[in-house]
Amino acid sequence: MEKLHLLGPGRCFVEFGAGRGKLSHWVDVALQNVDNVQFLLVERATTRFKVDGKHKRRNSVFERLQVDIQHLCLNKVPILEKKKLPVVGIGKHLCGAATDLALRCLVESYTTCSDGQSEEPAPKRSRNDKTEVASNNSADNESNKDDCKPVAGIVIALCCHHKCDWTHYVGREFFKSVGLGPVEFHYFQRMSSWATCGMQETTTKASTSEGSEDQTNDTEEHEQTFSKTESGSDTLQGILTVEERKEIGCLCKLLIDRGRIEYLQQRGYKAALQYYTESAVSLENVLLTAVPSPSLIPEPTT
């Protein structure tokens, strides 16, 4: 985020699938003495053991929204509607379809111009006021350009491609452009689980370790349930080697992510995939980043 110049003042960091809010907490720590920073933590489930009380900086404001991402319209969030801040969307372990919902929420529901259109019709004017109206419209258009606040950036750690859904997938146009559809997507989605076959051993060790509690266990929920539901149920398990399955799984994940990249690029974003940690630390180690073209990046407000 620092390399993308996203850790600056006058921004609102929206954490999707926030859970306990650890990611926002550490982003806040990284911001140090930066002023005028807002955090919006989006989580549909009731969360225990939140880290909200550990925030020590007075320059940051934290707010939680208990809502499903697919029902969230950022333009209607009071803090964004009032301050019209550029948004930085972040997420860690935003499983499957939740990533697509978050991307669509950022790119489509939080429009490039936060002011939007006035819902009330303009008052009628006489013919003599035509010149004045044209002048005012021109001034309003210039003002709207100045007030445009696009999404400043997107940083999401990808995972659980086997939980993707064609209905919510943002890369459907990409799939169709290469002759693929929902049936093929279903198979790629299912085979993507092969990329993380190694999680089963790690999860088994973690589940048998002594002294682990719900509030302190660092094993993610999707890691606990994944191997039982997907990895061991495929009929090709005895035909392909583990390494072959992993390679195919990685290619399936890459194909699904390619559709997300195309979706963002078509909407004026410079998007990329990169590894953010070693596979020995986590097999789900791919990060999706996106920033708008330089001409769309707003000046931070102080």
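This is a predicted model: local features need pLDDT of at least 70, side-chain atom pairs count only at pLDDT 80 or more; totals for chains, interfaces and linings use all residues.
1. Residues are numbered from 1 along each chain as its sequence is written, and side-chain values use heavy atoms, with hydrogens and water left out.

2. **The overall picture.** The protein has 9 helices and 7 strands; helices (H or I, at least four residues) and strands (E, at least two) are DSSP runs, numbered from the N terminus. Of its 302 residues, 42% are buried. Here buried means under 20% relative accessible area, exposed over 50%, and partly exposed in between, with a 1.4 Å probe and protein chains only. Take the contacts (heavy atoms within 4.5 Å) between residues at least 6 apart in sequence: 75% of them join residues at least 24 apart.

3. **How helix 3 meets helix 9.** Helix 3 covers residues 97-109 and helix 9 covers residues 242-266; they pack at an angle of about 5°, with their axes 11 Å apart. The axes are lines fitted to C-alpha atoms, for helices over the stretch in contact, and angles run from 0 to 180 degrees between N-to-C directions. Helix 3 and helix 9 are therefore roughly parallel to each other. For the wording, angles under 35 degrees count as roughly parallel, over 145 as roughly antiparallel, 65 to 115 as roughly perpendicular and the rest as oblique.

4. **Who touches whom there.** On the helix 3 side, the contact involves Thr 99, Asp 100, Leu 103, Arg 104, Val 107 and Glu 108, and these meet Arg 260, Tyr 263 and Leu 264 of helix 9. Sorted by class, this contact has 4 nonpolar, 1 polar and 4 charged residues. In that scheme Ala, Val, Leu, Ile, Met, Phe, Trp, Tyr, Cys and Pro count as nonpolar, Asp, Glu, Lys and Arg as charged, and the others, Gly among them, as polar.

5. Asp 257 counts as buried at 4% relative accessibility, and Arg 260 is buried with a relative accessible area of 1%. Put together, Asp 100, Asp 257 and Arg 260 are linked in a network of salt bridges.

6. **Another pair in helix 9.** Glu 262 and Arg 258 form a salt bridge whose closest N and O atoms are 3.2 Å apart. They are 4 residues apart in helix 9, so about one helical turn separates them. Both are partly exposed: Glu 262 has a relative accessible area of 23%, and Arg 258 has a relative accessibility of 34%.

7. **The cysteines.** How many disulfides does a search of the whole structure find? The search finds 0, with a disulfide taken as a pair of cysteine sulfur atoms within 2.5 Å. For Cys 73, the nearest cysteine sulfur is that of Cys 105, 7.3 Å away. For Cys 250, the nearest is that of Cys 252, 9.3 Å away. Cys 73 is partly exposed at 28% relative accessible area, and Cys 250 is partly exposed at 44%.

8. **Two residues to look up.** Ser 60 is in strand 3, residues 60-65, and is buried, with a relative accessible area of 11%. Leaving aside neighbours within four places in sequence, Ser 60 is in contact with Asp 28, Val 37 and Phe 39. Pro 182 lies in helix 6, residues 182-191, and counts as partly exposed at 46% relative accessibility.

Key: A salt bridge is a side-chain nitrogen of Lys or Arg within 4 Å of a carboxyl oxygen of Asp or Glu.
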